[in-house]
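Hi,

Here is the structure I said I would pass on.

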Amino acid sequence: MTDTANKRFYITTPIYYPSAKLHIGHTYCTTIADTVARFKRRAGYEVRFLTGSDEHGQKIQRAAEAMGITPLEYTTKIVNGFKDLWKALNISNDDFIRTTEKRHEKVVQYLFQKAYDKGDIYKSKYKGWYCTPDETFWTEQKLGPNHTCPDCGRPVEEVEEESYFFKMNKYADQWLKFIDENPDFIQPEARRNEMIQFVKQGLEDLCVSRTSFDWGIKVPFDPKHVVYVWFDALVNYISALNPLEEDKSLFEKFWPADIHLVGKEIVRFHSIIWPIMLMSLDLPIPKKVFGHGWLVVDGTKMSKSLGNVVDPIPLIDMYGSDALRYYLLSEIHLGNDGNFTLPNFVQRVNSDLANDLGNLLNRTVAMVEKYHGGVITAMPSVSEFDKDLASLAMQTVKEYETYMEAFDLNRALKTVWAFISRTNKYIDETMPWVLAKGANEGDAEKLQTVMYHLAEALRIIAVLVDPVIPTGAPKIWEQLGLAGFADAKLDDVRQWGGLPSGTKVVKGDPIYPRFEVPEMIDAPAADSALSEATATSAATEETAQEIPPIKENIEYDDFAKLDLRVAKVISCEKVKKSKKLLKFVLDVGVAERTVVSGISQYYEPESMIGKKVIYLANLAPKKLMGIESSGMILSASDFADHLEVTNIESLIPGSLVK
Ligand code: MSP
């Protein structure tokens, strides 16, 4: 039994940049956090689960300017999309903080002033390099080749401006001591070692204000400066707890956070800069920063320029939020990168949700109806099979809890699914259809025992799977005829036999449908020998081929005949019976156009939806496989069979390409 007194748990996701639509990589982080939060609630904790949006900075200001709207108008629209996505994914956050909210701004200014008053912030001049997409400062020595960001590889900009600096270096020894005393603070361990190396190489003071743009929180004592976006953003974890309000109960109850869950590339900000800010501010340091891996698609990191960004909304619409959540958590071990492929996704969902779990429920409810008029009668374990099932159930609850407490969601799920398989096997072992014939004395009681054991196993399973599949889990309870699932706790399934005698099942629709598995488009990335072979031959081919010379000059008037414009993909589907063709419906600003394009071997149709491409609008229409195709989507391809569709993000459909 867990002691439920004084159990509180504060978990956060990063706050997301509203610079583009969120993709399934972002849903990965939020799904992990939501699953942990839901588990902790079932385990009797009072939980606070925070997510939000990181809305300031040069990148956002530029994107808004390009669209001719204010930064706040720009971010509000995108942030509303985040909120819709979290709703669609059944995310149970208790709060959503926007860094543009007054409650946040007040706290950032207060803490900035506090660090300044303490002498930890001083004015100087910044001369160096800045990666605007990552909002990160870099020194010349750390840059990648040709002045690129060492993290993301994109070009950096030279910056020279008066700035305030935060005395990071002053706290380097204190940080190393803290890490030594709190070895579990950074996880997984490999990240911890990287961070220690980083600090041991020497910390530079951090530039914490900018003057060359104004979309940010003003430095309270020098308003021509805005606070550096990371100093601003990290404070969200505290500002959302209203520390400056008269009622400080949230802050007092939940700070320090139990876990900041972040992607591996931002562990540095959370595990070095953030604790040092807190040291300077004399505030308690969170208990853990967990750096999860990235979700890659068909073996490649998602990026707009590669055109392999998978939009979660069409996936959720088609397969349901539980399917996406289950896949992300069961397929990927938390610290590692994971690979998403649509066929693998559908296969997993069919086999684990529809077959293993869904069928177990269907069969159980159908048999209880058929054999016992829907009524379950409590019966003790008698046979070896019964005893084995009951004892595995109890062991499963324990192991599951241990794994979940250690944030090893992947193993926790494996444990539960092993129990689900065991329960399915129990049906085959006990053969209820034979018992129902009543050939032997005692068969009637045995049949009741089997039905009770199946239903009780499902009652326990429902509580264990709920954190990851919160749409389907309550339906298991409903079909078993139980009420009050919202209040069910882990404590309610720690003992076998909690299902009351006389419960009447309520047959319902299958909780998870089966889907047709789409064809594999690329070589499976998991098959490393195969992908390595492909990569090598591609590379050889690439160097063997000559790049063609530039064609003969044309006049500008020739070029001007082309009507090139930005178009947004409204829908995209495979053309039936064609291996190569995709059918697109495009928003081209003034009309909708249908285009057929031979790029099916390079892109999943779902990944194209929402993408903005460059479109040649005045190419004479042509019929392809019976479909009238108007115009052409521009793409580039090399000689190693790589193809990328052009991708423009911040312009509206109809914008002219000149
Ligand atoms: N705004 C900052 C975070 C500030 S927190 C005080 C930021 N935003 S982000 O939108 O770029 O990224 C948010 C999170 O999404 C990061 O943790 C990042 O690792 C995660 N992911 C983005 N792409 C991802 C994958 N492909 N896979 C998994 N997570 C990924 O950074």
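Before the packing notes, one cut-off: I call two residues in contact when they have heavy atoms within 4.5 Å of each other. Also keep in mind that this is a predicted model.

I'd begin with helix α11, which covers residues 312–319. Its buried residues are P312, P314, L315, I316 and Y319. What do they pack against? At its start, a side-chain oxygen of D311 comes to within 3.0 Å of the backbone nitrogen of I313. Just after the helix, G320 has a positive phi of about 95°.

As a rule for soluble globular proteins, nonpolar side chains tend to be buried together. Here the largest nonpolar core has 111 residues, and F340, F345 and W417 have the most contacts inside it. Helix α17 (residues 443–465) gives the largest share of this core, with 14 residues. Apart from it there is another core of 65 residues, including F137, V199, L203 and F254.

Leaving out neighbours within four places in sequence, W417 touches Y326, D352, L353, D356, L357, V465 and I469.

Then there's the ligand. Which residues come nearest to it? Of the 24 residues around the ligand, they are I15, D54, G263, E265 and L295.

- a ligand nitrogen sits 2.8 Å from a polar backbone atom of I15;
- a ligand oxygen is 2.8 Å from a polar backbone atom of G263;
- a ligand oxygen is 2.8 Å from a side-chain N or O atom of E265.

On its own the ligand exposes 670 Å², and the protein buries 94% of that. The elements that each supply at least two residues of the shell around the ligand are β1 (8–16), α1 (24–42), α7 (229–234), α8 (236–239) and β11 (259–263).

Last, the domains. The assignment for the chain gives domain 1 as 352–504 and domain 2 as 556–645. Their C-alpha centres lie 51 Å apart.

Cheers

Note on methods: Residues are numbered from 1 along each chain as its sequence is written. This is a predicted model: local features need pLDDT of at least 70, side-chain atom pairs count only at pLDDT 80 or more; totals for chains, interfaces and linings use all residues. Side-chain values use heavy atoms; hydrogens and water are left out. Domain bounds come from an automatic or database domain assignment. A nonpolar core is a set of buried Ala, Val, Leu, Ile, Met, Phe, Trp, Tyr and Cys residues joined through side-chain atoms within 4.5 Å. Buried means under 20% relative accessible area, exposed over 50%, partly exposed in between (1.4 Å probe, protein chains only). Helices (H or I, at least four residues) and strands (E, at least two) are DSSP runs, numbered from the N terminus. A residue is near a molecule or strand if one of its heavy atoms lies within 4 Å of it. A polar contact is a pair of N or O atoms within 3.5 Å; within protein, one must be able to donate a hydrogen and the other to accept it, and residues adjacent in sequence count only if both atoms are side-chain atoms. Accessible areas come from the Shrake-Rupley method with a 1.4 Å probe; for residues, only the protein chains shown count as cover.
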